[in-house]
Amino acid sequence: MEISIDRDSSEPIFRQVVREIRSLISSGSLPEGFRLPPERRLADSLGVNRSTIFNAYRELKGLGLVDAHVGRGTAVLRAPAPIPNAIGVPWRQLFRQSVARSHDPIIADLLALTEREDVISFSIGLPAPELLPLDTLGEYTAELIREVGAPLLLHCPTEGHSPLRETLAQWVAARGIRARGSDVLVVSGSQQGLDLVARIFIDPGDVVVVEEPTYIGALQSFRVAGAKIIGIPVDEDGMRTDILASILERERPKLIYTLPTYQNPSGAVMSLERRRHLLELASRWHVPILEDDPYSELRYEGEPLPSLKALDENDLVLYQSTFSKALFPGLRIGYLVVPPVVLRQLALAKQGADLHANSFSQYLLERFVRDGHFATHIEKTKIAYRRRRDRMAAALQRDETIGLEFAVPAGGFYIWCRLPDGVEQSALLANAAARGVVFLPGRACYPTEPPENCVRLNFSHASEENIDVGIERFLEAVREARVWGRMKGPDGIATSPVV
Amino acid sequence: MKDLRASDIREILKVTQQPEVISFAGGLPASELLPAAEMAELARDVLADDGVRALQYGPTEGMQVLRELIANRLQSLWALRRSTDEVLIVSGSQQALDLSGKVFLDKGDIVLCESPTYLGAISAFRAYRPRFVEVPTDDDGMVPGELESRLSSLDRVKLIYVVPDFQNPSGRRWSLERRRDLAELAARFGVPVIEDAPYAELCYDGSPLPPVASFDEAGLVILLGTFSKILSPGLRLGWVVADSEILQRYVLVKQGVDLHTSSLTQLLAAHFMLENDLEAHITRLCDVYRGRRDAMLAALDEHFPKDVSFTRPAGGLFLWVELPEGMNARRLLERALEERVAFVPGESFFPGGGHENTLRLNFSAMPEERITEGIRRLDRVLASVGAAV
């Protein structure tokens, strides 16, 4: 019987002995009935105390692997059933069908890249770190905890911390939405809102209509729910409701998902006329609308338009917003304003999903909003983000020979940028990452094959200096990818039209 | 989605929020033991020193520092060697259950579970419309022969769900042998095991037993843990420990569910572990809960009729009561609420229903004299109902 131990390991020696003998037994090297060496002999041969071996044998006995009798020594009881190699486990068959065929975790990869210090990231919709009110927030929070005490660490209702629901009802009134606290559901970030809505409306095979392009996280939620996703093109006035009309008649979707204001990723604002048309269509076909509104506070110019929820007279709009874009994404708090019957179903689904959003963040946000700090913070960040947007637009125009096309958005977080023909996105992404800049490939924002070759550039996160440097790197990468693409010929270009 | 039902516990908890009610219904930690003062200091320091990370988006897998601390703790508590890559931070262990359903369960798949089993798991899995099959269970855990016969005769078994340590609701702890048997059977049949271990650290008598995961050589055991019982339920923090092949799928699904768990609460928990003594805190909790368990057992011994049996759990938060056949705990509850004492009828913990004569009592949430008083009230109710039956 050969055993090796590592004296430098932090693992106690008796455990190492147990592990070694165990694996010898389970591999069949030590058959049933095999006598283990007497404790003293093994202790001497390994140069350890006898008590170490005593403890190891005792544990092996406890594990049911050996038996000890005075006078007969310690013998292997039986070899456990042969254990198949982990690699042999047919995981793909065990996973749920929609999960087994899910797409790559692109958001996780981009979040991971964003953590690298040498990389300038235009990929994720992150708020600017320098603008976080860190100098005062620590003491503010400590005081709140001292004041509130235990409830802040205890459970709170699934629907949300009641004062926060009241405060949010007042907050959305400024957007023309009439709501009571009981109409508000607090969720663990608006990604959860998407997931919960998918849970209560979508059975596998049901149709969901989205804008095209749209928010990548929504596509992910709907896909895992097993939905059939149909995209409606977006132009500078938002979703093409004329196309929607024929789709509604033909497909009878369960849900329409839209980001009408500073759409992610296109930056488009749905016109008032289209908003009315969308509501009219939804009401004619009885299809609920999920209105996702993370960005409307971040308006850099122009007059605000009423939200769909504010215009809705038929209780068909489920309104959703979040603190993640205008304030602190790391707290993971979003909210929905929905009709009572929907709220009840969502709350039941949420209870099964995670009981409730963490109490700590809810208390903190409630106080922060009520004290007026949220409103002050939004004013401060809007000024900074407008400058960053202008800085990025100017930097992108520095080399007009490349032929990039984009519109300057009136609000939100992103510039949606059409690449010149001949640039292949995967090559561009790799090339850009090598130069220390990352962005979101536009194809991730489409439910099917994208008709256009676009990228999404976030301008809120990087400083103005880094925007200059990052865009310069990006333009170099485009120039190079373009030459490379031209040499390769037109094969790499995605052109299949989608209606 | 038509199968979603209002949870029984939800309805009961509403009633028990009145202060004059002595509630054995919840599963709450003792609120006076929550480290609010320490948290105030930690929150101030975390926001001052590491504020950007605390308030920004973070990785779906969780904060590196917390994953590492949890991996180390598994090693020091259970000699379980897992790398940081095998740890995923989740928004409470309820989310871990939900993600498990989302990763594994298509409609009609089979989940093997104990009998009784944890209600929150039933409600999390039920959303995916599986079939629950209860495996006969005795005081030492699932009976291996019964488990084996179901594994070999049933076609679509996707998961085995177990709570081996001081189970909610029964308080039962699996024996060492049964743990090893489960790992072996799972490996032989290639079926993943969800080992839910929220109470493993709350051990009041003797030493804790190693988790099923420590016998797992096939990479099939998915171990769930949580800060809810040992630190704070309001932070909503738990973890999933699994083979990286499985964990990647959990990450993918979690991304669609909530992107990631709150960065601020993750850092608070990590700093609590770094700067305070979590193990000493748990020892304090155990001392208090042991006293409360003993108070409840003493009151039950003194007051309850002899034909009522109950478990004597060595840990956890609950004990399990069996009334004489023919009695109905649901009806008993109606009378109990009139006497201002509450519990959870046991029926809810059996996916297949039945067992109307069982109920669950929590002993962690209130001081010993309230426990004694509550059991006295319960006894009065029993006496009056017993007379009626």
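Modeller: The account below treats the sheets, then the packed helices, and lastly the contact between the chains. Residues are numbered from 1 along each chain as its sequence is written, while chains are lettered from A and ligands numbered from 1 in the order in which they are written. The model is predicted: local features need pLDDT of at least 70 and side-chain atom pairs count only at pLDDT 80 or more, whereas totals for chains, interfaces and linings use all residues.

Helices (H or I, at least four residues) and strands (E, at least two) are DSSP runs, numbered from the N terminus. Two strands pair if DSSP finds at least two bridges between them.

Chain B holds an open sheet of seven strands with mixed pairing, in the order S2-S10-S9-S8-S7-S3-S4. S2 and strand S4 (131-134) of chain B are at the edges with a single partner strand each, so one side of each has no neighbour in the sheet. From one strand to the next the twist averages 25°; angles run from 0 to 180 degrees between N-to-C directions, and axes are lines fitted to C-alpha atoms, for helices over the stretch in contact.

Strand S2 (residues 87-90) of chain B pairs with strand S10 (residues 238-241) of chain B in the antiparallel sense, over four bridges. B:Val87 has B:Val241 of S10(B) opposite. In a regular strand the side chains alternate between the two faces of the sheet.

Two packed helices are described by the angle between their axes and the distance between the axes. In chain A, the axes of helix H1 (residues 13-26) and helix H3 (residues 50-62) come within 8 Å and cross at roughly 45°. H1(A) is therefore oblique to H3(A); angles under 35 degrees count as roughly parallel, over 145 as roughly antiparallel, 65 to 115 as roughly perpendicular and the rest as oblique. Helix H11 (residues 241-251) and helix H12 (residues 272-285) of chain A pack at about 5° with axes 10 Å apart, which means that H11(A) is roughly parallel to H12(A).

Finally, 71 residues of chain A are in contact with 73 residues of chain B, contact being C-beta atoms, placed from the backbone, within 7 Å. Helix H7 (residues 134-148) of chain A gives the most to chain A's side, with eight residues. That side divides into 40 nonpolar, 22 polar and nine charged residues; Ala, Val, Leu, Ile, Met, Phe, Trp, Tyr, Cys and Pro count as nonpolar, Asp, Glu, Lys and Arg as charged, and the others, Gly among them, as polar.

Key:
Contact = placed C-beta atoms within 7 Å.
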